[in-house]
Amino acid sequence: MYKQWTADMIPDLTDKRIVITGGSGGLGLETARALVAHHANVVLAVRNLEKGYQAAAGLLREYPQARVEVMQLDLADLQSVRAFSETFLQRYTSLDVLINNAGVMVPPFSRTKDGFELQFGSNHLGHFALTGLLLPVLLDTPSSRIVTLSSIAARSGYIYFNNLNAQIGYSAMKFYGQSKLANLLFARELQKRLQETGASTISIAAHPGVSNTNLISRGSGKQAGKAASFVWGLLSQPADMGALPTLYAAVEPSLRGGEYIGPDGKGSRKGYPHLDRSFEHKYNDSTASKLWRVSEEMTGVQFPFRQPEAVQE
């Protein structure tokens, strides 16, 4: 791996189609900006269409030749996830990279439209369903990738199988950690299943360290005060740096699947992308397998893996 990998090292992405969930702001928009700068065809999958169109317009002002599309996707609504997937599959026959980026952090207790706790439902279940529904086009695209964003909060995360919907209590931070650990376990389990079927598609997880975005204020519904914002600014890195692990996971040719990419600085909080091995103790095959089964039951989505012979027919 490179010692200090930057967005300047992204290869030419002409004719590469990339979907970014939550691409209208924060890390998603920074990711989109770097990708369109290298000629990728980017689909911003966003909950708020107005913000999505504003983001796309901004990208086009910077890069007039950019190819950017906006599509509506509410990860807290499985009907919306299915509608997005159906429209995408009707419109396109290839998908080179799916970036599961969108997320909500430490909101007051609430539920998705399907009755799931909001963070687990949006951050994990919505992306689980989206990935499964888009898997056919990913499998049809040679050497495609699925990049799922986790967080350093996964380090203290735990999967509360007896309380996934917060029916016996809710802690905003604990449930955020649960959702981010679920992202990490999902990415690794997905890679295992892809590899078992001989697919050329690979699954990689990434995390941005501590990045200065509006995720916390948006997730809680409150704006941070000036003092808190100042301290957060000192502790965090800019969003364009926070996007680097995602970009590395999306384009670096040396990756083979199953990696977890994060900043290389102290505590994985800041720095340039590298293979972050400090989370290896969080992997557990039985937990990941159980989470997969439970996620299938909760979403009603099963992944249509194919054997290599079926792909060649």
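Reader: What makes helix H3 a helix that lies across S1, strand S2 and S3?

Author: In this predicted model, helix H3 (residues 78-91) lies across S1, strand S2 (41-46) and S3. Its direction makes about 140° with S3, on a scale of angles that runs from 0 to 180 degrees between N-to-C directions.

Reader: Which strands does helix H4 touch?

Author: Helix H4 (residues 118-139) packs on the sheet and touches S1, S4 and strand S5 (145-149). The direction of helix H4 makes about 180° with that of S4.

Reader: How do you know that S1 and S4 are paired strands?

Author: Two strands pair if there are at least two bridges between them. Strand S1 (residues 17-21) and strand S4 (residues 97-100) are joined by three bridges and run parallel, so they meet the requirement of at least two. Within this pairing, valine 19 has leucine 98 of S4 as its bridge partner.

Reader: What makes S3 and S8 the edge strands?

Author: The open sheet has eight strands in the order S3-S2-S1-S4-S5-S6-S7-S8, with mixed pairing. Strand S3 (67-72) and strand S8 (273-275) each pair on one side only.

Reader: In which sense does S7 pair with S6, and in which with S8?

Author: Strand S6 (residues 202-206) and strand S7 (residues 260-263) pair in the parallel sense over two bridges, and alanine 206 stands opposite isoleucine 261. S7 and S8, by contrast, run antiparallel and are joined by three bridges; here proline 263 stands opposite proline 273.

Reader: Why is the ring pair of tyrosine 170 and phenylalanine 175 called tilted?

Author: The ring centres are 5.2 Å apart, and a pair requires centres within 6.5 Å.

Reader: Why is phenylalanine 175 called buried?

Author: Its relative accessible area is 3%, and buried means under 20%, so the term applies. Tyrosine 170, at 26%, is partly exposed, because this value lies between the cut-offs of 20% and 50%.

Reader: What makes lysine 290 a charge over the ring of phenylalanine 161?

Author: The charged end of lysine 290 sits over that ring, 4.4 Å from its centre, and the distance limit is within 6 Å.

Methods: Residues are numbered from 1 along each chain as its sequence is written. This is a predicted model: local features need pLDDT of at least 70, side-chain atom pairs count only at pLDDT 80 or more; totals for chains, interfaces and linings use all residues. Side-chain values use heavy atoms; hydrogens and water are left out. Helices (H or I, at least four residues) and strands (E, at least two) are DSSP runs, numbered from the N terminus. Contact means heavy atoms within 4.5 Å. Rings of Phe, Tyr and Trp (its six-membered ring) pair if their centres lie within 6.5 Å; planes under 30 degrees apart count as stacked, over 60 as edge-to-face and the rest as tilted. Buried means under 20% relative accessible area, exposed over 50%, partly exposed in between (1.4 Å probe, protein chains only). A charge sits over a ring if NZ of Lys or CZ of Arg is within 6 Å of the ring centre and within 35 degrees of the ring normal.
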